[in-house]
Amino acid sequence: MPEGDTTSAGELKALLEKAIERILANVDKYGWSIPTAFAVTPDGRDVIVVADSLEDRPEPDDPVAELKTRAESVLFNVRRMADRGQLRAFAFARNMRVTLTSDTGPVVRSAVKVILDHEDGGGSIAYLVYDPNGGNAKPIELFYEPLTERFFPEGGWPPDRPRERLP
C-alpha cells in the first residue's frame, strides 16, 4: 500500500481507486476485464488475486458463464485468505451490466462492481456506472450499497488466533 491513510476507511478507499482504475483500463484496452481482487496483508504488503489467464486457450463456449466461474473462484480464494488471517482488507472488482431506474424506465448501463471489506469493518459494495465511450471509459456515477456478508470475523481478528502467512 502506498504511504497515506492507514485507517480502515483510508485503506478501503485506496483499494477501491486501484480496483476501478485497473478494471477501467482493461475495459478500455480489451472491452472487458477479468475479475480481480486487490488486497493488503496484515503487514501492509499488496496482493493481487486473479483467475487463470484466458490467453493461449480456446474461446469458451459461454464467455459469460466462464467469467462468472472465474469471479466465484477469486472470491473463494479471498474468503479463504481472510479466514486464515492472511489479509486485512480487499477490494474485489469486476465489470458488469446493471439495470438502473430512470425517468424513462429501466436503463442498462456498464458498471464496475467492487466488494470492499476490512477486518476492522467499514465494508460496502460500490458500483461505478460508466460510459464505455469507445475505449475511453468515462465515469458517470458512483454509489454504494451495504455489505450483506462480511468476509472477516466480526470485531476484527481474534488476538488468540494465529494468522497464517502468505507464501
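This tour moves through a predicted model, one selection at a time.

**The sheet.** Begin by selecting the strands. Six of them make up an open sheet in the order β2-β1-β3-β4-β5-β6, and the pairing is antiparallel. The edges are held by β2 and β6 (138-146); each has a single partner strand, so one side of each is left without a neighbour in the sheet. From one strand to the next, the twist averages 25 degrees.

**The helix across it.** Next, select helix α1, residues 8-30. This helix lies across β1, β2, β3 (89-100), β4 (107-118), β5 and β6, and runs at about 55 degrees to β3.

**The β1-β2 hairpin.** Select residues 36-40, which form strand β1; antiparallel pairing with β2 extends over five bridges. Within this pairing, Phe38 has Ile48 of β2 as its bridge partner. Five residues separate the two strands of the hairpin, and Gly44, in the turn, has a positive phi of about 90 degrees.

Now display the side chains of β2, residues 46-50. In a regular strand, side chains alternate between the two faces of the sheet.

**The β5-β6 pair.** Move to strand β5, residues 124-131, which pairs with β6 in the antiparallel sense over eight bridges. Select Ala126 to find Tyr144 of β6 opposite. Then select Asn133, in the loop between β5 and β6. Most residues other than glycine have a negative phi. Asn133, however, has a positive phi, near 50 degrees. Its relative accessibility is 37%, so Asn133 counts as partly exposed.

**Arg88.** Select Arg88, in the loop between α2 (63-83) and β3. Is this residue buried or exposed? Arg88 has a relative accessible area of 17%, and since the cut-off for buried is under 20%, Arg88 is therefore buried. Display Glu11 as well: a polar contact of 2.4 Å joins its side chain to that of Arg88. Beyond the neighbours within four places in sequence, the contacts of Arg88 include Val40, Thr41, Pro42, Asp43 and Gly44. Asp117, His118, Glu119 and Phe152 are also among them.

**The aromatic cluster.** Finish with the rings of Phe90, Phe151 and Phe152, which ring pairs link into a cluster. The aromatic pairs in the model number three.

How far apart are the ring centres of Phe90 and Phe152? The distance is 6.2 Å, and the planes stand at 40 degrees, so this pair is tilted. Phe152 also lies in the segment after β6, while Phe90 is in β3, so the pair ties together parts 62 residues apart in sequence. Phe152 is buried, as is Phe90.

Terms used:
Residues numbered from 1 in each chain as written. Predicted model: local features only at pLDDT ≥ 70, side-chain atom pairs only at ≥ 80, totals over all residues. Heavy atoms only, no water. Buried < 20%, exposed > 50% of the residue type's maximum accessible area, 1.4 Å probe, protein only. Helix = DSSP H or I, 4+ residues; strand = E, 2+ residues; numbered from the N terminus. Pairing = 2+ DSSP bridges. Axes fitted to C-alpha atoms, helices over the stretch in contact; angles between N-to-C directions. Contact = heavy atoms within 4.5 Å. Polar contact = N/O pair within 3.5 Å; in protein donor to acceptor, adjacent residues only side chain to side chain. Phe/Tyr/Trp six-rings, centres within 6.5 Å; stacked < 30°, edge-to-face > 60°.
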